[in-house]
Amino acid sequence: MKLYSNEIVFRGHPDKICDQIAGALLTAYLKGDKKSRVAVEVMIKDEQIYVVGEVTSNANIDIPAIAKRVLKDIGYKEEYNVIVKLSKQSQDISDGVDVLGAGDQGMMFGYACNDTKQYLPKAMVILQDLSRWYDALAHSNNNFNPDGKAQITGLYDDDFNLVAIDTFLVSYCNNEEHRDITDQLIKNKILNLCKTYNIEKPRRILINPTGKFLLGGSFADSGLTGRKIVVDAYEGFANVGGGSMNGKDPTKVDISAAYKAREIAKRLLKEKNLKWCEVQLSYAIGVARPMAIYVDSDIGNIEVPESYYVECEPKNIINDLKLLDIDYEEKAKFGHFVD
């Protein structure tokens with residue numbers, strides 16, 4: 001038996017705020033111009049929001065209004081100032097992308113397993129369920145602030161099946177007015193989730209282990225796009241390529257190839273009746289054909305046919321997965337892979 005941990009951050013976490021703003025801006029640009037080239041980074045501290053990066057688009061969007069709308073949707077009522085510093089995409093990059101090559105170099109991973117109907121690890125799905133529940137709670141109960149995070153330390157057997165939860169940790173921002181009641185609500189939800197997923201109650205439940213969490217959001221911490229790439233992907237259960245999936249149009253393979261690798265992993269899992277499957281795609285900037293496609297699984301390496309290389313060219317990924325029509329703000333809320 002072995003202990004292994006994974007975590008999620010809630011929508012009001014400062015880094016997740018930035019991811020959602022970046023996703024909302026990307027969605028708005030693509031809605032106005034499908035040929036938009038977007039690479040946006042967002043930073044937040046206190047009441048200041050900074051939007052920087054490169055955008056080439058015929059769409060005219062109201063960046064400050066979108067950023068403030070996202071914050072209100074998350075549940076923050078403060079007034080914010082938005083500072084924008086954007087330039088056009090480098091012509092050197094554009095030259096390669098316009099001929100349908102990859103928008104950057106790098107490697108991207110996709111993962112699937114047979115633990116759940118979502119083809120995701122059970123502990124990951126539990127934390128996503130908790131995060132959605134907490135989001136609804138923070139919107140309906142003034143004793144809860146949108147900021148927070150949760151972590152599971154699970155006990156796994158030699159085949160990496162989740163046998164039990166050793167520790168379930170939740171840190172959430174609250175006003176402490178009814179701390180005993182709010183803590184109990186969270187404990188009850190944890191126990192209900194364990195029952196839903198046929199797991200015995202955790203050996204230990206930790207709620208705000210420092211004793212209190214009164215100040216949250218950007219007034220307690222700074223936030224930056226792309227600092228939660230592990231949460232966005234597979235919460236530590238699979239490799240991560242290193243590139244953020246937020247605020248980038250699909251010509252950037254950080255997003256499109258990550259989505260495609262996940263789609264291939266699920267496909268092979270079903271076709272070959274695998275327990276788990278991990279796919280790596282790698283690219284060179286300006287080149288359409290992937291540098292390599294590497295597939296690992298519980299039965300070892302799997303060779304893929306030449307057709308996979310054609311399928312994984314950026315233009316084909318974008319068309320096949322309809323990546324120009326996705327709501328990327330929604331994707332940024334609870335992790336990019338939820339089903």
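Which residue takes a positive phi just after helix 2? In this predicted model, that residue is Gly75, with a phi of about 125 degrees.

Helix 2 covers residues 63-74, a run of 12 residues. At 1.5 Å a residue the helix should span 16 Å, and its end C-alpha atoms are 17 Å apart, which agrees with the expectation. At the start of helix 2, the backbone nitrogen of Ala65 has a side-chain oxygen of Asp62 within 3.2 Å. The buried residues of this helix are Ile63, Ile66, Ala67, Val70, Leu71 and Ile74. Viewed down the helix axis, these buried residues fall within an arc of 135 degrees, so they line one face of helix 2. An α-helix has 3.6 residues a turn, so residues three or four places apart point the same way.

Ile74, a residue of helix 2, has a relative accessibility of 0% and therefore counts as buried, the cut-off being under 20%. Between the C-alpha atoms of Ile74 and Lys201 the distance is 30 Å, with 127 residues separating the two in sequence. A contrasting case of accessibility is provided by Glu41, which is located in strand 2 (residues 37-45). With a relative accessibility of 33%, Glu41 counts as partly exposed, because this value lies between the limits of 20% and 50%. Glu41 and Tyr308 are 267 residues apart in sequence, and their C-alpha atoms are 32 Å apart in space.

Helix 5 (residues 179-196) contains 18 residues. From its first C-alpha to its last it reaches 26 Å, close to the 26 Å expected at 1.5 Å a residue. Arg179, Thr182, Asp183, Ile186, Ile190, Leu193 and Cys194 are the buried residues of helix 5. Seen down the axis, they fall within an arc of 120 degrees, so helix 5 has one face lined by its buried residues. On the face turned away from this buried side, helix 5 carries the exposed residues Asp180, Lys195 and Thr196.

The empty space in the model was then examined. Rolling a probe the size of a water molecule over the atoms shows where such space is left. The largest pocket holds about 330 Å³ of space. Its lining is made up of 21 residues, and those nearest its centre are Gly75, Tyr76, Phe144, Asn145 and Pro146. Helix 4 (122-140), strand 6 (144-156) and strand 7 (162-174) each supply at least two lining residues, and strand 6 gives the largest share, 3 residues. By class, the lining of the largest pocket comprises 8 nonpolar, 10 polar and 3 charged residues.

The structure also holds 1 cavity of 30 Å³ or more. The volume of the largest cavity is about 140 Å³. This cavity is lined by 17 residues, of which Val240, Gly241, Gly243, Met245 and Ala258 are the closest to its centre. Two or more lining residues come from each of strand 5 (106-113), helix 6 (229-232) and helix 7 (253-271). Strand 5 provides the largest share of the cavity lining, with 3 residues. The lining of the largest cavity divides into 10 nonpolar, 5 polar and 2 charged residues.

Key:
Residues are numbered from 1 along each chain as its sequence is written. This is a predicted model: local features need pLDDT of at least 70, side-chain atom pairs count only at pLDDT 80 or more; totals for chains, interfaces and linings use all residues. Side-chain values use heavy atoms; hydrogens and water are left out. On a 1 Å grid over the protein atoms alone, a cavity is a set of points where a 1.4 Å probe fits but cannot get out, and a pocket is an open set with protein on both sides within 12 Å along at least five of seven lines; lining residues have an atom within 4 Å of a point. Grid points are joined across faces, edges and corners, and a volume is the space filled by probe spheres set on the points. Helices (H or I, at least four residues) and strands (E, at least two) are DSSP runs, numbered from the N terminus. Ala, Val, Leu, Ile, Met, Phe, Trp, Tyr, Cys and Pro count as nonpolar, Asp, Glu, Lys and Arg as charged, and the others, Gly among them, as polar. The expected span of a helix is 1.5 Å times one less than its number of residues. Buried means under 20% relative accessible area, exposed over 50%, partly exposed in between (1.4 Å probe, protein chains only). The arc is that of the directions from the helix axis to the C-beta atoms. A polar contact is a pair of N or O atoms within 3.5 Å; within protein, one must be able to donate a hydrogen and the other to accept it, and residues adjacent in sequence count only if both atoms are side-chain atoms.
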